Amino acid sequence: MSPLCPVYTIKSRKGVCKMAFKGQQDSLSLASKTGGRLIREGFSFKNILQKNGELRGKIIILTSAFFIIAATMAITLFLTLQGLRAFTVDGINIIDFITGTEWQPNRDGNPSYGALPFIFGSFAVTVLAALVAAPIGIASALFMTEIARKWGQKALQPVIEILVGIPSVVYGLIGLSVIVPFIRSQTGGLGFGLLAGAIVVGIMILPTVTSIAADAIKSVPDDLRHASYALGATKWQTIYKVIIPAALPSLLTAVVLGMARAFGEALAVQMVIGNARGIPDSLVDPAATLTTIITLSMGHTTSGSVLNDVLWSLGLILLVMSYVFILIIRYLSKRRKLS
Amino acid sequence: MNSRLLNRLAISLIVACAVVMVGTLAALLGYILYQGVSQISWSFLTSDSSAFQAGGGIKNQLWNSFYILFITMLLTVPLGTAGGIYLAEYAKQTRFTAFIRSCVEVLASLPSIVVGMFGLLVFVNYFNWEYSILSGAVALTVFNLPVIVRVTENALCSVSEEQRAAGLALGMTQWHTIKKVFLPAAFPGILTGVILCAGRVFGESAALLFTAGLSSPNLDFTNWNPLSANSPLNLFRSAETLSVHIWSVNSVGIIPDAKEVAAGAAAVLVISVLTFNLVARLLGRIVEKKMTGK
Amino acid sequence: MKKLMLLASFAVLMVLATGCGSAANSEADGGSGSKDTEKLSGKLVVGGSSALQPLAAAAAKGFMEEHPEVQIQVQGGGSGTGLSQVAKGNLDIGMSDYFAESGDGIDANSLVDNKVAVVGMTAAVSPKAGVTKLSKEDLKKVFTGKVKNWSELGGKDEKITLVNRPDGSGTRATFGQFALDNETPAEGITEDSSNTVKKIVSETSGAIGYLAFSYFNDDSVTKLAINGAEATDENVTNGKFPVWAYEHMYTKGTPSKLEKAFLDYMMGDKVQGELVPSQGYISVSKMEVERDANGKTTKKSDTDID
């Protein structure tokens with residue numbers, strides 16, 4: 001049936017209203033289906049004005065759906081085409097590009113475009129940020145849902161919302177004026193580097209991880225908890241042996257979503273990471289990520305130049321990676337449904 | 001005994017983590033406000049920014065932030081709520097809706113710098129809108145739309161099944177039911193979500209870097225003709241927003257008092273975001289009270 | 001049906017997009033093509049090099065005071081942006097630290113060059129390194145990573161830390177070409193903002209970066225002499241100090257009336273005599289040497305001093 005034709009039965013909302021009404025859903029949707037059928041049968045007698053309203057509503061709604069699809073396809077298409085230019089037009093070898101460690105785009109006669117240090121930098125920042133955010137985030141989620149059920153939620157929910165709302169440049173600014181000098185005073189180096197980037201991004205993704213992890217833990221059925229306590233288990237044993245395993249795929253989803261955000265973060269990282277173009281030797285060495293090199297170099301390149309094309313290729317890697325993160329999340333949610 | 005000890009230890013660790021999180025927020029806010037509030041003065045808020053001398057203000061950046069936010073919301077809210085309604089109420093579990101859902105998911109998880117690059121390619125260069133408010137607002141729409149779609153969908157989902165069935169049982173068409181029953185019932189949820197999104201858009205920077213530009217003409221606040229070059233309302237002028245300003249004074253700027261300007265601007269930004277948050281909660285509560293008639 | 005809708009919505013988007021785009025264009029062009037013979041009016045968009053931006057902004061302010069009907073918008077964005085956007089017609093005047101000929105993918109023949117100022121640059125060294133002058137050879141060794149400690153060059157026992165500028169930045173290009181003879185700098189922290197570079201160099205013992213002369217206005221960083229020549233304006237004008245670059249303002253084709261008026265103003269006494277020196281630039285008219293797009297420096301045949 002074309003989506004333009006009016007549809008009068010209420011659909012089952014599987015997957016939309018996740019766990020919330022699972023128990024009642026079947027009986028209710030049956031009831032509403034019956035109601036819906038009655039209306040459909042009586043429809044021909046309805047006045048025409050209402051029919052127009054129906055059509056108008058549908059048109060508004062479908063415009064939105066098409067805009068969403070058009071935007072997604074356009075982004076994918078345009079960025080792919082532009083990102084491939086470096087390989088198709090400028091003749092850069094894609095393997096050399098991904099595995100090369102030398103980034104010397106302006107060297108006379110013999111430029112080289114090895115993006116590996118940036119790819120490495122992006123993954124390093126992402127993983128380190130997850131290491132910062134995952135334990136604190138999941139523990140805070142446990143606090144909200146298991147330890148202080150009554151007021152933990154009330155106290156932490158606003159904290160999460162405010163942390164989410166703080167703009168990324170502000171995190172970057174804090175990193176620049178607090179974290180970088182602190183690392184410099186501790187290690188004696190520049191202070192700019194992977195570690196500073198990872199801490200800044202880790203704090204940034206903390207609220208994302210916490211709120212999704214809290215939702216995941218909340219959706220573990222109470223029966224499991226009661227059963228565990230009835231067996232004489234302590235709170236920690238219940239958390240460790242029952243709740244975490246039950247919520248594991250969702251907890252992983254929380255961390256992966258956080259990592260996806262960390263991977264794409266640009267300006268906050270650029271302000272503190274130091275933007276050096278080699279693979280760093282240690283945590284406190286300056287490094288660069290895909291996003292930082294794009295923000296740093298874009299304004300200095302002329303469009304159509306090889307360097308400019310290569311920057312678009314780095315953008316394409318970002319795009320591909322966000323698809324990869326989506327696939328991982330899908331895989332995890334499939335596992336969640338199976339278990 | 002051993003397991004009890006472990007229990008205590010583990011629980012104190014969990015509590016410690018929660019404290020760390022609250023402490024981080026307190027430290028962040030404390031630091032930004034402590035550093036920044038002393039920089040905020042009437043003249044800081046109402047004077048033009050300076051390209052190279054010390055003592056510039058943030059008047060235009062502040063205006064640009066609000067203006068871009070307004071245009072973005074103008075585009076996003078109708079489209080996004082409509083998309084949410086479609087997914088929650090109309091869409092069957094077909095491959096088509098699954099596809100729309102995937103698209104929403106992809107859009108929601110795109111890094112904002114990728115959206116910015118797309119904006120540069122398509123809006124700035126291809127459509128020839130240049131670095132402008134319009135390019136920035138449309139890029140932000142791309143990136144904010146999926147969030148509003150989800151907010152709406154979730155809010156509609158939490159409307160009880162009884163209300164749905166009741167609406168339909170009264171013999172209303174589906175659109176009529178949505179308009180008269182679901183939307184009012186879901187309104188507080190949607191409103192809160194939209195205002196929280198507004199806070200996010202207000203602080204967005206990476207997507208605007210390549211679309212709205214790094215500079216702003218000195219605006220003439222007596223000229224409200226949207227076609228005039230230095231009018232605050234002109235959609236086709238470049239517009240540096242507050243958050244982009246914080247980045248640019250630190251990363252590419254040449255003014256000597258970058259630190260002070262950035263601190264002041266950050267404080268203004270954070271205060272605005274906090275206000276959005278507060279307003280969202282208050283409004284949500286008030287509207288809900290009115291709706292439920294208590 | 002679905003496809004049809006998709007096509008239709010795309011079409012609507014396109015029409016909207018091009019419609020708005022052209023509206024903006026005609027508006028932008030309206031001023032520069034003005035027939036008004038007496039009074040200048042209209043809008044100019046100037047953008048590009050952040051090194052030239054302060055001068056252009058100050059000059060634009062002065063120009064707008066003289067011609068209140070004119071709106072000049074000065075943007076940054078970097079030299080590359082300046083060149084490619086002026087070539088595309090999105091900017092009326094593109095500012096650049098380097099010749100359009102060295103910009104990749106730019107049709108230099110379509111652009112008209114106006115050299116509005118000269119900027120001298122030199123290495124900025126942390127005072128704790130204990131070095132105030134270096135030969136070019138030693139400087140190259142420092143920046144290519146062959147020398148790792150200042151003590152090897154007669155300085156203090158401090159590890160050398162390089163602070164670079166991004167690829168394609170005008171400062172990096174100039175410093176690389178004339179101070180390092182096109183040798184590629186070794187890896188190091190990379191920062192876009194001159195202020196940040198200065199800050200890092202001043203706070204990190206043993207750090208070295210490079211800056212335009214105007215940033216050496218206090219004692220926090222040491223201004224390095226190269227090959228025995230002090231980094232001063234005089235040494236740049238007489239050709240003794242090699243690391244300098246023109247600041248260019250490009251127009252696409254012959255400048256329009258308004259563009260020409262602004263460029264004339266840039267070259268006039270008010271800008272060249274007052275703004276240029278006060279902001280740390282060097283006036284082009286003072287130069288006793290000149291340089292072509294290939295980087296070849298020659299004595300001016302007839303040095304006109306005005």
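Which residues does Ala266(B) touch, not counting residues up to four places away in sequence?

Reply: This is a predicted model, in which local features need pLDDT of at least 70 and side-chain atom pairs count only at pLDDT 80 or more, while totals for chains, interfaces and linings use all residues. Residues are numbered from 1 along each chain as its sequence is written, and chains are lettered from A and ligands numbered from 1 in the order in which they are written.

Leaving aside residues up to four places away in sequence, Ala266(B) touches Ile32(B), Gly36(B) and Ile246(B), together with Val170(A) and Leu173(A) of chain A. Contact here means C-beta atoms, placed from the backbone, within 7 Å. Ala266(B) also belongs to the largest nonpolar core, a set of 278 residues in which Ala266(B) and Val200(A) touch the most other members. Helix α7 of chain A (residues 194-218) supplies the largest share of this core, 17 residues. Such a core joins buried Ala, Val, Leu, Ile, Met, Phe, Trp, Tyr and Cys through C-beta atoms within 7 Å. A buried residue has 20 or more other C-beta atoms within 10 Å of its own.

Next comes the contact between the two chains. Chain A puts 84 residues into it and chain B 81. On the chain B side, helix α1 (residues 2-37) gives the most, with 19 residues. By class, that side of chain B holds 56 nonpolar, 18 polar and seven charged residues. Asp, Glu, Lys and Arg count as charged, Ala, Val, Leu, Ile, Met, Phe, Trp, Tyr, Cys and Pro as nonpolar, and the others as polar.

Chain B itself has 11 helices and zero strands, so its elements read α-α-α-α-α-α-α-α-α-α-α along the sequence, these being DSSP runs (H or I, at least four residues, for helices; E, at least two, for strands). The C-alpha trace of chain B spans about 65 × 65 × 40 Å along its principal axes. Of the 294 residues in chain B, 58% are buried. Among its contacts between residues at least 6 apart in sequence, 75% join residues at least 24 apart.

One helix pair in chain B shows the packing. Helix α3 (residues 59-90) and helix α6 (residues 133-157) of chain B have axes 6 Å apart and pack at an angle of about 35°, with axes fitted to C-alpha atoms over the stretch in contact and angles running from 0 to 180 degrees between N-to-C directions. The crossing of α3(B) with α6(B) is right-handed, that is, the near helix is turned clockwise from the far one by less than a right angle. Their contact includes 19 nonpolar, 10 polar and two charged residues.

Chain A also meets chain C. That contact takes 31 residues from chain A and 32 from chain C. In chain C, α1 (2-32), α3 (79-88) and β7 (189-190) are the elements that give two or more residues to this side. The chain C side has 10 nonpolar, 17 polar and five charged residues.

Within chain A, an automatic or database assignment gives domain 1 (7-40), domain 2 (45-89) and domain 3 (103-338). The centres of domain 2 and domain 3 of chain A, taken over C-alpha atoms, are separated by 31 Å. Seven residues of domain 2 of chain A contact eight of domain 3 of chain A.

How values were computed. Contact = placed C-beta atoms within 7 Å. Buried ≥ 20, exposed ≤ 12 C-beta atoms within 10 Å, placed from the backbone.
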